[in-house]
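Dear colleague,

Please find below the structure that I am handing over to you, with its sequence. My notes on what was found in it follow directly after.

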Amino acid sequence: MEDRTRNSGDLWSGVALAALGAYIVIQARQWEYLGPEGPGPGFFPLWYGVAMLGLSALLIFSNLRRRSDRGNAIEWIRVGRALSTWFALAASVALFKPLGFVVSFALLTYFIVAVMYRRPLKIAALTAVASAAGFYLVFDRALGVPLPAGFLGF
Amino acid sequence: MEIIAGLLNGFAVALEPANLFWCFVGVLLGTVVGILPGLGPPATIAMLLPLTFNMNPAGAIIMLAGIYYGAKYGGSTTSILMNVPGESASVVTCLDGYQMARKGRAGAALGIAAIASFVAGTVGVLGLMLVAPPIAKFALSFSSPEYFALMSLGLALVVLLAGRSIVKALLAALVGLWIASVGTDLFSGTSRFTFGHMELLSGIDFVVVAIGVFALAEVLANMEAREETQLLPVPKGLKNLLPTMQDLKDCRFAFLNGSVIGFLVGALPGGGSTIASFLSYGLEKAVSPRREQFGTGVIEGVAAPEGANNSETGGALVPLLTLGIPGSGTTAILLAALVLWGFKPGPLFIPEHPALFWGLVASMYIGNVMLLILNLPLVPLFAQVLRTPVYALYPLILGVSMVGVYSVSGSMFDLALLMVFGLLGYLMRKLDYPAAPLILGLALGAGMERALRQSLMMSEGSLAILVSRPISAVMLSLAVLVLLIPMFGKLNAWRLRALEQG
């Protein structure tokens, strides 16, 4: 169902892109299309917005025609691993303000090593502390690249 | 004479201690990146781009270019030792390289890959040096309509060869154009697609999108699985890595084939090193007296694609530096780097910044020598990089990505956008939307809109200007023809075959 999944993915991505195309066209129509000094800010977006609408409609309709295709099941465990990592990453970014980069990054690394790769907690803790300290020393101290600081001051 | 004088000046720039150092850092990083499966040159260059903002531009471009061509040397190591390509252009090297390693000839395979890379890489730079200045001179006659047509043709070629579905590749390019429109319109001062966010008034930073779509998405895709691959033993000692005289004799045509095909395909937008390596492998097999043995460990089957893969770099830099048109995701990032440092790649780039152009060319000669040295005696050492546990590697890539984005603007908003583009890049991979057209659309979007609007100002609103000038008419016709290729059965079958192989 690789094909069926892809088909359904094509359908939904087509719908999302059609919505984006419609939004672009609606916005572009509010801006000047052609003025006395030449094309306005709405000119180029209107054209690619229309193209996006047309192409996404083509994707949707060609997908609906192939709807009976069969294939393999989507591998949700694999997708789940990737999305879990993404959520952990987004959470660590959200924690930059209160906790700072160093602590948030250590937590992210710990999560990846201990939870995603199921390594012993000692190894996870060691990797987390070493990599967070490495980032702090290399970027903040040695290269002078500022890292988001939290209530601890780093 | 002009070329020799330029090259001598280039060597004076490239041999400055700081630039030599950055060249070494670039090729070293490139080799490591090429060896590591799952971390490609575009992701690495995007990640490191923000760190180059405070560097001398000559040193910075020398380093980034070093990563670009260095990765191509390193890519063969995993293909030969693990049957896992370090990057897509090394896929074809697996066919004969891994078989040679299984037969106990890993040393010869690694050695010929390094030698072919050196020979063809050097020929590619020679081609860049000879071809770029006349093309730049010719392009001086271009005006806005020609630029719009040229960018349309470049985008069309990338769309053609980016993925199986032209519709999806076109949609990806249109999303890139849309992202490029976000912010204040420089002609009228109108704010577009900002969703009421002040932070979007100055547009979306290219670096944020590139790092998200390439680096973050690559890590997320790699996080899906945890397979460990067996590494075949690397022969120790330089003697065991050197091919025999018979091997070198067998590879004479492969060196030439790889050099020429790699350069020509590289100069074509959308071509890329993957297609170059497959074309040269195909040609080598077609003309070889022992073509039936290809795939069982034939040394020319390693030399030809590895050569093409490296010669492609010189070709790819021709349209980038002389016309300002990148032909792939990696060169689009290099274009963004040049623009961010305050340069405008195009016909005036070489006359206005000769030290930068010739310094880069000279550094590539030096870099190729460095790579030959690094990749022959030090291959066993580099192979140890493969023992780096992925659970430690991926957090590092994520960390460098976040630090890179934060260092550009110091903005938490940009970090949030990075998350959005990381997820977008991952979803695009899952749904078979190619990333290269999006990045190219983003890199060319502002220039395309400017060229189109200036053209219409010149013609007082008439689109006929785009087809009434011969050069732009030819290029636009070619762009349309390129996009119509999927409608022709045989041509589309060829396109799909090239993509499947790649």
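The largest nonpolar core holds 214 residues, and within it Ala46(B) and Ile211(B) touch the most other members. Helix 6 of chain B, residues 106–139, contributes the largest share of this core, with 19 residues. Chain A takes part as well: its domain 1 (7–65) and its domain 2 (76–142) both give residues to this core, so the core lies between them. Please bear in mind throughout that this is a predicted model.

I turn next to the contact between the two chains. Chain B brings 47 residues to this contact and chain A brings 51 residues. On the side of chain B that touches chain A, at least two residues each are supplied by helix 8 (166–181), helix 9 (206–222), helix 18 (390–409), helix 19 (412–430) and helix 20 (435–458). Helix 18 of chain B gives the most to that side, namely eleven residues. Sorted by class, the side of chain B that touches chain A consists of 31 nonpolar, eight polar and eight charged residues.

The remaining notes concern chain A. Its secondary structure amounts to five helices and two strands, and from the N terminus on the elements follow the order α-β-β-α-α-α-α. The radius of gyration of chain A is 24 Å, whereas the globule rule gives 15 Å for 154 residues; the value is well over the rule, so chain A is more spread out than a compact globule. Taken along the principal axes, the C-alpha atoms of chain A fill a box of roughly 60 × 55 × 25 Å.

How is chain A divided into domains? The division is into domain 1, residues 7–65, and domain 2, residues 76–142. The C-alpha centres of these two domains of chain A lie 39 Å apart.

Two further values describe chain A. Of its 154 residues, 34% are buried. Among the contacts in chain A with a separation of 6 or more, 58% are accounted for by residues 24 or more positions apart.

With kind regards

Definitions and conventions:
Residues numbered from 1 in each chain as written. Chains lettered and ligands numbered in written order. Predicted model: local features only at pLDDT ≥ 70, side-chain atom pairs only at ≥ 80, totals over all residues. Core = buried A, V, L, I, M, F, W, Y, C linked by C-beta atoms within 7 Å. Buried ≥ 20, exposed ≤ 12 C-beta atoms within 10 Å, placed from the backbone. Helix = DSSP H or I, 4+ residues; strand = E, 2+ residues; numbered from the N terminus. Domains from an automatic or database assignment. Contact = placed C-beta atoms within 7 Å. Nonpolar A, V, L, I, M, F, W, Y, C, P; charged D, E, K, R; others polar. Rg over C-alpha atoms; globule rule 2.2 N^0.38 Å.
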